[in-house]
Each structure stands twice: as structure tokens, then as C-alpha cells.
There are 2 protein chains.
Amino acid sequence: MSAPLQIGLVLFPKVTQLDFTGPLQVFSSVPGAQVHLIWKRIEPVSSDSVMMLTPTIAFADCPQLDVICVPGGFGTDDMINDEEMLAFLKQQAEGAKFVTSVCTGSLVLGAAGLLKGYRAATHWTAMDFLSAFGATPTRTRVCVDRNRVTGGGVTAGIDFALTLVSLLVDRRTAEAIQLRLEYNPAPPFNSGSPDTAPPEILALMKERIAPAQIRRGEMINRAAARLG
Amino acid sequence: MSAPLQIGLVLFPKVTQLDFTGPLQVFSSVPGAQVHLIWKRIEPVSSDSVMMLTPTIAFADCPQLDVICVPGGFGTDDMINDEEMLAFLKQQAEGAKFVTSVCTGSLVLGAAGLLKGYRAATHWTAMDFLSAFGATPTRTRVCVDRNRVTGGGVTAGIDFALTLVSLLVDRRTAEAIQLRLEYNPAPPFNSGSPDTAPPEILALMKERIAPAQIRRGEMINRAAARLG
């Protein structure tokens, strides 16, 4: 019997919980996989939506992972300048089979220098920030470039995780998980992308996030300057 | 300013976490909504996938909810015969605007007598069990029958929650949330339903779950007998 697959998702304050709970449901359905929720310390971490999150292992105790995955959320604005997080990702990336992210988690991979020369996906509102880290922004739901596998915004994490399982294990395993999770989506509206959303909804959203985008831009500039 | 919408999701041991983390992400994006994670006591509850869950409020302290939602998972086998859970749901259902579930959560609503004479959805593997509680099994991703709104298996919770927000608030609000969550799904395979999964994957899944189905049938019979 071979050693179990080691899959780790990092947590941090203000993570968008669905960015990692979607992939977590998929990964923990992989036969024999050991899945870790990782943070600096074993202490409750606040998500963006009501729920407190409890890590299962601290950075210092984490084994070498086969898959390291960074979810997104407003908290990534802090993580892109967090030396401890960036050092952990760099160290894990050296030995990992796959270096991955969902949503704005790709900005954190970028800030760790792990996307230089790679194509990468991210949330549609963050696409313009990827190039600061030498990555090529890619408007696909899942982006596979060598061993970098990055997902688009929030719910893209489910498509991302099924794709990754097919690469990591095999297609049959991914299909069985898809059936178990009844992932046969039927969105009631057609507003899930800036290309399809009603123009007034898109305009309202852009207006609402404008101040956060300015703050994010400043954090990105700091992170890019450090990366050099 | 009107009172905030009160939305509550019940937790229990061995809940399928994506059954409620999908809706939680949607509900907590509704402007002015107050979202509760509810269990008998404030104590960590184990999910089906690595993560421990922390309730935000106990049954006894929960205000009257506008929306009560029961997620699914293997833990529902215990909940359908749990007097404390069933009493809580019955009491909340009397004053709630919407009585709802995702996945096998509908079996718990059924065991509480809340689906008698209603159409309801559930996970594809549990469809045959609904009629024991006087509900009409409905093979749709989201099923709306008067104020009972039930979702299909696991990932259907996202479609369910967006539909519910459109009923509870308005369509524009649901569309704005869909855009924020980039819910523009693109499953990499076509295995998300028993109608589309490769036959050998479906056969394997049915074989794997057969023992659990027998146990579930026994629990359903007990619950149906109690309901009378």
C-alpha cells in the first residue's frame, strides 16, 4: 500500500469559506487522501461568512504536501505581504506535485514568486493584478499550466478540484466524486460571469468594490516591489 | 429600517459540509441578513470532511427564523429519530416564512412531519425514502412547493440558495450574489447525475452505498412509524 496523498488547504482570517469548502468536499472524497487545514497556529480563524474555522495542523508541523492549495477572499490582501505565509508556500512548493489556488488565492501564490512565467486564473475582479507577479492572467474556470493549477472565482473551486483529482489520481475517481456530490449544476439565473450578468448588476458590483480594488492595488504594489 | 432577515442552518454530527457551506456563502451575502449556525449546544460538531464546525447559537437561544434550512449527510440517519432536533424544526416551522433543506436534509424535514402533502427534492440516492413521510419525491435540482423549498444532492445547495434569495428578497439580489461568487459552472466531466454518469461509475457507486442504504431504510422505517 502506498503512502496516502497529502493534500493541504491553507486558512487565514477573512478567507472566503466556499473557496476552500468546495475543494475540501472533493479532496476528502478521494480514497486514501489525507487532507489538512493549515494555519500558523492551531487557533480558530474567522471566515468571511459567519463560520469560524478550525485548522487541523500548524505550519511548523505540516508534512511535505503533494498538493498545496490557497483559497481566496478579502484576507488575501493581507496574506500577499505576510512573510510567514509566503515562506510556508515557497517551502511546500519545492516538493509538491501540484501548487494550486482558488479565486484570489492565486495572488498569494504570485506574491510568493510561484507564478512567474505561468498562466493563472483568479476571480474576475482580480484578473488585472496577476501580471504584477509575472503571471499571465487567464480567463478560464480552471487553468492548468505544468504543475500550477488555478481556479477562477469562489464556485470555480469545485470545477478546479474535480480537474485536479483527475490529474492527481484518475478520471474515474473524479467522475465518481462528481456523482456523489450530484454536481450537475443548474444556476437559476445567468449572472455568474461579467460576460453574462445584466449590465446594471455588473455596473453596481463594480461600483461597490471600487474602494476595495484601490486598497488591493496598493497591497499588490507592495508585494510586487518586495518580490522584485 | 426593517428587522434583519433571520436565516438559520442547523448543524449535526456527520453533516456533509458542502450541503450548508454553499448556501451559507449565498445567505451571508444577502444585505442585512443575520445568519445562524444552530445546534443543541455551543460545542464543536464534526462534519463528514475533516473540518470541525462551530455553531453560533443553541436551539434554546435561537430567535424565530424567517428561513430554517436542514443540510444533509450521513448524520441525517440519526437526526430523523432525534426528538430534540425534530421538536426544534417543528417549532421553528410554525413561524418561518420558508422551511427548507438541501440533500438528505429533506428526510429530516419529512421525519418532523413537515413535508406531508408536499413535493420535495433530495440526493438522488435517497429519492425512494421521501414517500415514507408523505412527500412526493421530485427529481429536480430545486423544488419549490408553497413555502417548502428543497434542494437536490450536495452541490444543488448553491442553486437552491440562489433560488431562495430570489423568492425571499428579489431576483436582482440573487443575480448580484451569483456574480460575486462567479457561479458560472463548467464541470470538467458529465458525471453529476445518475442519468449522465458512465454506467460503470453508477454501478460502482450503487454497490458501494448498498449497506448504507439498508441501514438508512431501517432508520426511515422507525421514523415513519413514529410519525404515524
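The model is predicted.

**Stop 1**

A search of the whole structure finds 6 aromatic pairs over all chains. Begin by selecting Phe27(A) and Phe160(A). The ring centres of Phe27(A) and Phe160(A) lie 6.3 Å apart with the planes at 75°, so this pair is edge-to-face; the cut-off for that label is an angle over 60 degrees. Phe27(A) belongs to helix H1 (residues 17-27) of chain A and Phe160(A) to helix H5 (residues 156-168) of chain A, so the pair ties together parts that are 133 residues apart in sequence. Are Phe27(A) and Phe160(A) buried or exposed? Both Phe27(A) and Phe160(A) are buried.

**Stop 1**

Now select Trp39(A) and Phe59(A). These two residues form an edge-to-face aromatic pair, 6.2 Å centre to centre, with 75° between the planes. Trp39(A) is in strand E2 (residues 34-39) of chain A, while Phe59(A) is in the loop between strand E5 (57-58) and strand E6 (67-70) of chain A; the pair links distant parts of the chain, 20 residues apart. Buried means under 20% relative accessible area. Trp39(A), with a relative accessible area of 5%, is therefore buried, and Phe59(A), at 9%, is buried as well.

**Stop 2: arginine over tyrosine**

Select Tyr118(A) and Arg146(A). Arg146(A) lies over the face of Tyr118(A), 4.2 Å from the ring centre. Then turn to chain B, where Arg146(B) lies over the face of Tyr118(B), at 4.1 Å from the ring centre.

**Stop 3: the interface**

Show both chains together. How many residues does the contact take from chain A and from chain B? The contact takes 61 residues from chain A and 61 residues from chain B. Between them, chain A and chain B bury about 5400 Å², 64% of it on carbon and sulfur atoms. Select Leu179(A), Glu182(A) and Phe189(A), which supply 15% of the area that chain A buries against chain B, more than any other three residues.

Across this interface there are 2 salt bridges. One to display is that of Glu200(A) and Arg172(B), whose side chains meet at 2.9 Å, N to O. The interface also holds 37 residue pairs in polar contact. Among the elements giving two or more residues to the side of chain A that touches chain B are H1, E2 and H5 of chain A. Finish on H6(A), which gives the most to that side, with 8 residues.

Technical notes: Residues are numbered from 1 along each chain as its sequence is written. Chains are lettered from A and ligands numbered from 1 in the order in which they are written. This is a predicted model: local features need pLDDT of at least 70, side-chain atom pairs count only at pLDDT 80 or more; totals for chains, interfaces and linings use all residues. Side-chain values use heavy atoms; hydrogens and water are left out. Rings of Phe, Tyr and Trp (its six-membered ring) pair if their centres lie within 6.5 Å; planes under 30 degrees apart count as stacked, over 60 as edge-to-face and the rest as tilted. Helices (H or I, at least four residues) and strands (E, at least two) are DSSP runs, numbered from the N terminus. Buried means under 20% relative accessible area, exposed over 50%, partly exposed in between (1.4 Å probe, protein chains only). A charge sits over a ring if NZ of Lys or CZ of Arg is within 6 Å of the ring centre and within 35 degrees of the ring normal. Contact means heavy atoms within 4.5 Å. Buried area is the accessible area (1.4 Å probe) that two parts lose on being put together, summed over both. A salt bridge is a side-chain nitrogen of Lys or Arg within 4 Å of a carboxyl oxygen of Asp or Glu. A polar contact is a pair of N or O atoms within 3.5 Å; within protein, one must be able to donate a hydrogen and the other to accept it, and residues adjacent in sequence count only if both atoms are side-chain atoms.
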